[in-house]
Amino acid sequence: MRQFAHLSLDKAIPDRTTIMNFRHLLEKHKLTRQLFKTVNQWLSGCGVMMTQGTLVDAKSRLTHTLVTTAANEHDLNQLKNLLHGEEEFASGDAGYQGAKKREELQDTNVEWLIAERPGKVRALKKHPRKNKTAINIDYLKASIRAKVEHPFRIIKCQFGFIKARYKGLMKNDSQLAMLFTLANLFKVDPMLRRQPRSV
């Protein structure tokens with residue numbers, strides 16, 4: 001983590017107050033969203049990130065779009081804000097069941113790979129020979145969806161964002177935008193280090 005942030009133990013590092021003041025400036029001027037967009041544009045320009053995709057691109061495993069809402073709003077309500085219109089397929093967990101039936105998503109030409117509800121999967125597994133194809137299809141959907149969980153692992157394990165505290169929607173959005181920006185950079189950092197530098 002220190003290597004990623006270019007911090008060393010033999011030099012002075014910023015204290016907590018300095019970091020907090022910097023964070024407040026980012027929040028006040030709403031720069032974290034702008035930074036998120038700028039880094040994604042830079043990654044697209046480098047050829048690392050595809051410009052189309054939903055929340056997370058399954059190939060690059062980088063976050064494209066971020067929508068922050070209150071906890072009582074269902075994820076399915078924000079699906080139209082995550083789609084760009086050029087997706088060939090969209091993968092999601094069982095909470096996105098019924099996405100293709102939503103009125104605002106009727107005109108999208110997307111193949112939906114939505115996982116089955118856990119109860120239905122358990123029922124299918126009671127007769128594995130009879131339901132082998134359906135079980136394998138659900139495993140395939142889960143393997144695709146697992147790839148897009150990598151940014152969340154980086155945010156939780158590398159940056160320690162285990163649990164969201166309510167600090168207000170604007171502060172949480174600012175923090176999440178910065179964390180996903182850093183997760184994208186963290187993900188491509190080893191790849192960019194391997195590339196020869198231009199003089």
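On one side of helix H2, Lys37, Gln41 and Gly45 are exposed, a term that denotes over 50% relative accessible area, with buried meaning under 20% and partly exposed in between (1.4 Å probe, protein chains only). The model is predicted, so that local features need pLDDT of at least 70 and side-chain atom pairs count only at pLDDT 80 or more, whereas totals for chains, interfaces and linings use all residues. Residues are numbered from 1 along each chain as its sequence is written, and side-chain values use heavy atoms, with hydrogens and water left out.

Helices are DSSP runs of H or I with at least four residues, numbered from the N terminus. The buried residues in H2 are Thr32, Phe36, Val39, Asn40 and Leu43. They lie on the same side of H2, because they cover an arc of only 100° around the axis, the arc being that of the directions from the helix axis to the C-beta atoms. These buried residues pack against helix H1 (16–28) and helix H7 (169–194), and H2 is followed by Gly47, whose phi is positive, near 85°.

In the loop between helix H4 (118–125) and helix H5 (132–147) lies Asn131, which counts as buried because its relative accessibility is 14%. Apart from neighbours within four places in sequence, Asn131 is in contact with Ala123 and Leu124, where contact means heavy atoms within 4.5 Å.

How values were computed: Helices (H or I, at least four residues) and strands (E, at least two) are DSSP runs, numbered from the N terminus.
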